[in-house]
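Work through the exercises below on a ligand site. Each task is followed by a stepwise solution.

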Amino acid sequence: MANTGTGRLYVVATPIGNLGDLSPRAREILGACTLVAAEDTRHTGTLLRHFSIATALISMHEHNEQDRAQELVERMRAGATVALVSDAGTPAISDPGYTLVCAAVAAGIEVIAVPGACAAIAALSVAALPTAKFCFEGFLPARTAARRTRLLELAHEERTLVIYESPHRIGEALEDCAEIFGPARECVIARELTKLHETLYRGTLAELSVRARQEPDFTRGEIVLLIAGESPTVDEDTGAELDRVLRVLLEQLPLKQAAGLAARLTGARDNEAYKRALQLKGAPPSQ
Ligand code: SAM
């Protein structure tokens, strides 16, 4: 079928709990498009009815995404506008959608983001863990051995880790994290965001592992687990040498240059030298 040039794919975020989070633009597009491709048509049907939207629904979930993507691409080529939604949050983020987006791009169909809620980003925004850089891990493997292997691979990650986890597994996952990352690593559990029982639990991995065992509410509802990245460390000798070199260089050079040079001279990591230089200068550390 020839591409008429009018078909489009809108990737529309829907609320992760609070229906007030559906944006006016998302509402307008869901009402005006030809077809809404939904992970679960019954679930999205309830959302559409709530907003008095009568657009036709078609299912597109992990088991039919491949076939459905081709079918929807043909319809968009013929001029249809399709809105892709998942059950909650942003499609294609630990949800179906990637295959359809790729198929649309390959067919030269315009793909338009209609952003809104995303549990990972909402959790990160309130976690009070470093946000300048983070690493979205999606779901950890469900099986213990595979989960522990993955956690070992992540043990030296310096960026804040953002993980989706099922309430049934959060206790075990926290215990594995405490063992592999060390019990003192700071973490946050963001539970039931935007919903009635929204709660943020903050503490070390050891503390939250204990609470997961003791407090039944802790392991109910939907959860994002956020874990501080590993702090870059320098051994004692390198640390002392780094300080000595930095003190000399900071007398002559701007902080950034002194830190860069000190890192090269001592073998310390750039970010560690920079952090230490800030401390020696008495400046507050940046995130
Ligand atoms: N695409 C969605 C998004 O943009 O956030 C994520 C879908 S994924 C299948 C579902 C997971 O997201 C849940 O298991 C949970 O880890 C997280 N999640 C979704 N809604 C949440 C909420 N209201 N509070 C906390 N976590 C939530």
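**Exercise 1.** Find which strands each supply at least two residues of the shell around the ligand.

*Solution.* Strands are DSSP E runs of at least two residues, numbered from the N terminus. Two qualify: β7 (160-165) and β10 (223-227). This is a predicted model: local features need pLDDT of at least 70, side-chain atom pairs need pLDDT 80 or more, and totals for chains, interfaces and linings use all residues. Residues are numbered from 1 along each chain as its sequence is written, and side-chain values use heavy atoms, without hydrogens and water.

**Exercise 2.** List the residues that come nearest to the ligand, then sort the shell by class.

*Solution.* Step one: a residue is near if one of its heavy atoms lies within 4 Å. Of the 19 residues around the ligand, the nearest are Thr90, Ile93, Ala119, Tyr164 and Ile223. Step two: the shell has 11 nonpolar, 3 polar and 5 charged residues. Tyr counts as nonpolar here, and Gly as polar.

**Exercise 3.** Locate polar contacts to the ligand (N or O pairs within 3.5 Å).

*Solution.* Start with ligand oxygen. A polar side-chain atom of Tyr164 lies 2.8 Å from an oxygen atom of the ligand. For Ile223, a backbone N or O atom lies 2.6 Å from a ligand oxygen. Now nitrogen: a polar side-chain atom of Glu222 is 3.3 Å from a nitrogen atom of the ligand.

Key:
A polar contact is a pair of N or O atoms within 3.5 Å; within protein, one must be able to donate a hydrogen and the other to accept it, and residues adjacent in sequence count only if both atoms are side-chain atoms. Helices (H or I, at least four residues) and strands (E, at least two) are DSSP runs, numbered from the N terminus.
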